[in-house]
Every structure is written in C-alpha cells, then in structure tokens.
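The sequence and the model are shown first, and the description follows.

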Amino acid sequence: DPYFANADAAAAVLNTNVAAAVALLTWVALDLRKTGKVSLVGAINGVICGLVAITPAAGFVNGAGAVAIGAAAAVVPWLTMRLLPRFSWFARVDDALGIFHTHLVAGAVGGLMTGIFADPAMMEYAGSHGGGSSVSGLLYGHPHLLLVQALALIVIVAYDGLMTWGILWIIGRIVALRASEPVHLLEHHTASPSPTEAEAEPLDA
C-alpha cells in the first residue's frame with residue numbers, strides 16, 4: 001500500500017509548518033519596513049499565503065525549498081496587493097479580503113516553484129523491489145517539471161475562470177451580485193476595505 005505514513009509524509013508536515021512560519025515572518029517584516037508597525041491581519045495573510053503555496057510542494061521539496069517557497073509566497077502577494085489596485089481595471093474587482101492575492105497568486109507561486117525546487121531525494125513512494133517514485137525540478141537539472149507546472153497553471157486558471165464566470169452569470173440572472181450603494185458606503189465607513197492595511201489591528205512589536 002503506497003498510501004502510508006512514511007518519511008516523506010512526515011517531511012510534508014514539517015515543510016508545511018516551515019513555509020507557513022517563513023511566510024508569516026516575511027509578511028510581517030515587509031509591513032514593518034513599509035509602515036513601521038505590524039498587524040494581525042498582515043500576519044494572517046502571511047500564514048495563508050505560505051499554506052497555499054506549499055500545498056503542491058510539501059511532499060516534493062526539502063527544507064530549503066520550503067523556506068524559499070514560504071518567503072516568495074509572502075513577497076509576491078504582498079507586492080501584488082499593493083500594486084495591482086493602482087490599475088483601473090483591477091480597482092473595479094470586489095475583493096475586500098484579498099483572496100486573489102492570497103490564493104491565486106500564492107498558489108501560482110507555489111505551483112511554479114515546485115517545478116524548480118522538487119528534490120529527487122524526496123521519495124514519495126518506496127518501491128517493493130528497490131527504487132521508488134520521485135520527481136526532479138529545474139534546480140536539479142530537469143526543467144520539464146517547471147514546464148508541466150506552468151501548463152497546469154494556465155489550464156487551471158482558464159478552467160476556474162470560465163466556470164466561476166458561468167456560475168456568477170447564472171446567479172446574476174436570479175439575484176443582484178453587487179450590494180446596493182448605501183451598503184457600500186456603510187462598509188466604507190465601518191470596516192477596513194482591504195486586509196492590506198497594516199494599520200488595522202496593530203500588534204505590539
């Protein structure tokens with residue numbers, strides 16, 4: 001039975017925690033450098049990004065790969081969360097919780113970096129007669145996995161985008177998708193419009 005609690009499963013658990021911790025610390029450090037303070041919302045965003053990014057890679061990368069993925073999973077979404085809203089086409093997107101950044105962007109980072117940091121020494125399944133199953137990334141001389149991951153990313157984004165649009169189109173024929181203007185104004189004056197603001201819920205540094 002290949003589905004057992006082997007050493008690779010234990011490494012996957014460890015990598016998951018390492019990436020989440022590194023992403024949290026990286027996000028908090030970026031907030032601290034930018035605003036001079038840290039926030040609970042920012043720390044949570046960092047953890048989420050780390051968990052999302054390490055998901056495809058947990059059983060395929062070593063500890064150093066998990067650290068790299070955790071750091072990149074915080075830096076890239078942190079930047080997109082601040083840069084993309086400057087474009088008029090993105091400012092129209094209703095994404096108060098920053099899901100685009102913490103899930104799509106972080107997931108893309110983790111998927112692509114799996115194609116870079118996948119370590120052949122991370123044995124997924126041990127063979128019954130020696131050998132076993134593992135994969136190698138670009139860092140270990142095999143660029144094919146990175147190409148596969150990039151293709152998978154394109155397919156997933158296209159499929160999910162079309163299906164989401166279709167579902168929302170159907171729902172929009174039944175009920176309104178956008179809140180009324182008074183509700184928008186109420187939210188604007190009573191809640192933080194975005195989890196990117198490090199001023200929200202400051203923590204003692």
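What is the relative accessible area of Phe87, and is Phe87 buried, partly exposed or exposed? In this predicted model, Phe87 has a relative accessible area of 43%, so the residue counts as partly exposed, between the limits of 20% and 50%.

## Overall architecture

The protein chain contains 7 helices and 2 strands. Their order along the sequence is α-α-α-α-α-β-β-α-α. The chain has 205 residues, of which 32% count as buried. Its accessible surface amounts to about 12,300 Å², and carbon and sulfur atoms account for 71% of that area. When contacts between residues at least 6 apart in sequence are considered, 68% of them join residues at least 24 apart.

| Helix | Residues in helix | Span, first to last C-alpha | Expected span |
|---|---|---|---|
| H2 | 15 residues | 21 Å | 21 Å |
| H3 | 21 residues | 30 Å | 30 Å |

For H2, the span is close to the value expected at 1.5 Å a residue, and the span of H3 is likewise close to its expected value.

Helix H2 covers residues 40–54. At its start, a side-chain oxygen of Ser39 comes to within 2.9 Å of the backbone nitrogen of Gly42.

Helix H3 runs from residue 63 to residue 83. Its N-terminal end is capped by Asn62, which places a side-chain oxygen 3.2 Å from the backbone nitrogen of Ala64. Among the buried residues of H3 are Gly65, Ala66, Ile69, Gly70, Pro77, Trp78, Thr80 and Arg82. Helices H1 (7–35), H2 (40–54) and H5 (99–117) are included in what covers the buried residues of H3.

Thr26 belongs to helix H1. With a relative accessible area of 18%, Thr26 falls under the 20% limit and therefore counts as buried. Setting aside residues up to four places away in sequence, Thr26 touches Ala71, Ala74 and Val75. Of these, Ala74 is among the buried residues of H3.

## The largest nonpolar core

In soluble globular proteins, nonpolar side chains tend to be buried together. In this model the largest nonpolar core has 22 residues, and the members that touch the most others are Trp27, Cys49, Ile54, Ala57, Val61, Ile69 and Met113. The elements contributing two or more residues to this core are H1, H2, H3 and H5. The greatest contribution comes from H3, with 7 residues.

What does Ile69 touch, leaving aside its neighbours within four places in sequence? Ile69 is in contact with Ala53, Ile54, Ala57, Val61, Gly110 and Met113.

## Aromatic pairs

The model holds 3 aromatic pairs. One of them joins Phe87 and Trp89 in a tilted arrangement, with 6.2 Å from centre to centre and 35 degrees between the planes. Trp89 has a relative accessibility of 53%, over the 50% limit, and so counts as exposed.

Phe90 and Phe100 form another pair, which is edge-to-face, with 5.3 Å between centres and 65 degrees between the planes. This pair links distant parts of the chain: Phe90 lies in helix H4 (residues 88–91) and Phe100 in helix H5, 10 residues apart.

Why does Phe90 count as buried? Its relative accessibility is 8%, which is under 20%, and therefore Phe90 counts as buried. Phe100, by contrast, is partly exposed, with a relative accessible area of 30%. Apart from its neighbours within four places in sequence, Phe90 is in contact with Leu84, Pro85, Phe100 and His101. Together, Phe87, Trp89, Phe90 and Phe100 make up one aromatic cluster.

How values were computed: Residues numbered from 1 in each chain as written. Predicted model: local features only at pLDDT ≥ 70, side-chain atom pairs only at ≥ 80, totals over all residues. Heavy atoms only, no water. Helix = DSSP H or I, 4+ residues; strand = E, 2+ residues; numbered from the N terminus. Expected span 1.5 Å × (residues − 1). Buried < 20%, exposed > 50% of the residue type's maximum accessible area, 1.4 Å probe, protein only. Contact = heavy atoms within 4.5 Å. Polar contact = N/O pair within 3.5 Å; in protein donor to acceptor, adjacent residues only side chain to side chain. Phe/Tyr/Trp six-rings, centres within 6.5 Å; stacked < 30°, edge-to-face > 60°. Core = buried A, V, L, I, M, F, W, Y, C linked by side-chain atoms within 4.5 Å. Areas by Shrake-Rupley, 256 points an atom, 1.4 Å probe, with all protein chains shown as cover.
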